[in-house]
Amino acid sequence: MDDQQRLNDLRRMQTVATGLLVLAGIVFVLASIWRDAAPWVPFVRAFAEAAMVGAFADWFAVTALFRHPLGLPIPHTAIVPARKASIAAGFGRFIETNFLHPDQITVWIRRRDPVRRLAHWLRDPERGKQVADVVIEALGGVLRVVDDDDVSQELARGLNQRLEAIPAAPLAGRLLGVLVAGGRQRDALMQLINLLAEVIASNETEIRRRIAGELPAWVPRIVDQRIYERLLEGVQRLLRELREDPNHPLYHQFTALIDRWIVDLQFDPLVQQQGEALKREVLSHPVVRELAQASWRDLKLSLLSQSVSPSSPLRRSMVDAIGRFADLLEHDPEWREKIDHWLTAAIAAMVRRYGRAIGEFVTQTVNNWDTAEVTRKIELQFGRDLQFIRINGTIVGGLVGLIIYSVSLFFG
């Protein structure tokens with residue numbers, strides 16, 4: 001209901017209450033003129049007289065709340081304008097105490113079971129799509145306004161902080177131990193030799209050029225070809241020997257080397273210092289920031305492109321996730337209870353922390369209102385109901401006057 005509607009209702013009830021007062025006055029005048037016309041006329045006159053008294057008294061009481069009756073500065077009238085500050089403070093305390101109490105908020109939330117209602121609401125596929133659209137559009141809006149340099153710098157800084165907190169050498173030792181666990185040293189050695197053979201075979205020109213560059217100028221050019229072939233044949237022969245001989249000496253040497261590396265990486269202070277120095281050198285290299293910038297740029301472009309496509313994987317995944325979340329809330333009481341507890345605890349904590357601030361905000365807001373505006377708002381809110389006091393006062397006053405007149409005749 002808007003203020004205009006409230007004003008219309010107030011004016012209508014004021015008209016009714018004033019009309020009863022006028023009616024009582026007319027009846028009183030007529031009954032006074034024809035007082036002896038019939039035995040019952042004095043009773044009507046007594047009723048009308050007392051009704052006027054009651055109507056005037058209650059008109060004065062209601063009017064005195066908001067203004068001086070008839071404009072006269074009668075003490076203890078215009079109560080609302082005179083006590084605006086205390087009314088504002090009381091209103092703020094009333095809101096804080098009765099509406100922002102954590103226990104009452106918790107009871108109110110649990111009684112309405114918002115989590116189950118949310119689950120039921122999200123079960124509708126169309127609503128799931130609407131929620132996904134809102135989330136993705138908000139995500140797209142955020143991505144368009146964020147500063148890419150700031151984000152990439154934060155990513156690089158966060159990556160550096162996380163990596164700086166992790167000891168490099170012990171971690172490398174544990175990872176190496178996991179990789180060769182279960183006797184996989186032989187497989188690792190075979191993979192390394194095989195990789196070496198592939199590198200030699202695929203870089204023949206470069207290897208021959210480097211060999212020729214190390215040979216004296218008088219050595220025939222065919223020699224670099226022979227050296228390359230012998231190098232490749234040696235690696236391939238070693239690979240065959242490792243496949244055929246499980247107890248090849250190189251395997252035992254490699255195993256011992258790996259075991260020593262694992263121990264040194266985890267327990268040798270000097271190796272650990274060297275690992276930390278190498279880690280700091282890597283983290284300070286510009287390539288780390290370039291990697292963060294490229295990663296953020298690729299992620300941002302991918303999210304932006306998917307945010308504008310109605311059938312993008314991101315949108316479909318979001319809709320599926322919302323549906324699964326709704327199923328989880330609806331069919332898993334334990335999860336529903338957890339989320340309900342988190343929700344009520346979070347709201348109660350907010351109310352506990354900011355309830356007083358909200359009450360003070362209400363008080364300050366009312367204090368900042370113009371006095372006439374405060375009076376108008378209160379009168380529009382409660383004035384219509386207050387007119388019933390005038391109506392009841394007219395009727396009850398008349399009845400009391402009638403009773404008093406009747407009793408006076410009985411004892412007279």
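**Exercise 1.** Find the helix that holds Ile26 and decide whether Ile26 is buried, partly exposed or exposed.

*Solution.* Ile26 is found in helix H1; helices are DSSP runs of H or I with at least four residues, numbered from the N terminus. The model is predicted: local features need pLDDT of at least 70 and side-chain atom pairs pLDDT 80 or more, while totals for chains, interfaces and linings use all residues. Residues are numbered from 1 along each chain as its sequence is written, and side-chain values use heavy atoms, without hydrogens and water. Buried means under 20% relative accessible area, exposed over 50%, and partly exposed in between (1.4 Å probe, protein chains only). Ile26 has 45% relative accessibility and therefore counts as partly exposed.

**Exercise 2.** Name the residues of the nonpolar surface patch that includes Ile26, and give their accessible area together.

*Solution.* The patch consists of Val22, Ile26, Val29, Leu30, Ile33 and Trp34. Together these residues have about 580 Å² of accessible area, by the Shrake-Rupley method with a 1.4 Å probe. Patch members have over 30% relative accessible area and no salt bridge, and nonpolar side chains are joined within 5 Å. A salt bridge is a side-chain nitrogen of Lys or Arg within 4 Å of a carboxyl oxygen of Asp or Glu.

**Exercise 3.** Classify the 2 aromatic pairs of the structure.

*Solution.* Rings of Phe, Tyr and Trp (its six-membered ring) pair if their centres lie within 6.5 Å; planes under 30 degrees apart count as stacked, over 60 as edge-to-face and the rest as tilted. The ring centres of Phe43 and Tyr405 are 5.2 Å apart and their planes stand at 85°, so this pair is edge-to-face. Because Phe43 lies in helix H2 and Tyr405 in helix H18 (residues 371–411), the pair ties together parts 362 residues apart in sequence. For Trp335 and Trp342 the centres are 6.2 Å apart and the planes at 90°, so this pair is edge-to-face. Trp335, at 34% relative accessibility, is partly exposed, and Trp342, at 49%, is partly exposed.

How values were computed
Patches are made of residues with over 30% relative accessible area and no salt bridge: like charges are joined within 9 Å, nonpolar side chains (Val, Leu, Ile, Met, Phe, Trp, Tyr) within 5 Å. Helices (H or I, at least four residues) and strands (E, at least two) are DSSP runs, numbered from the N terminus.
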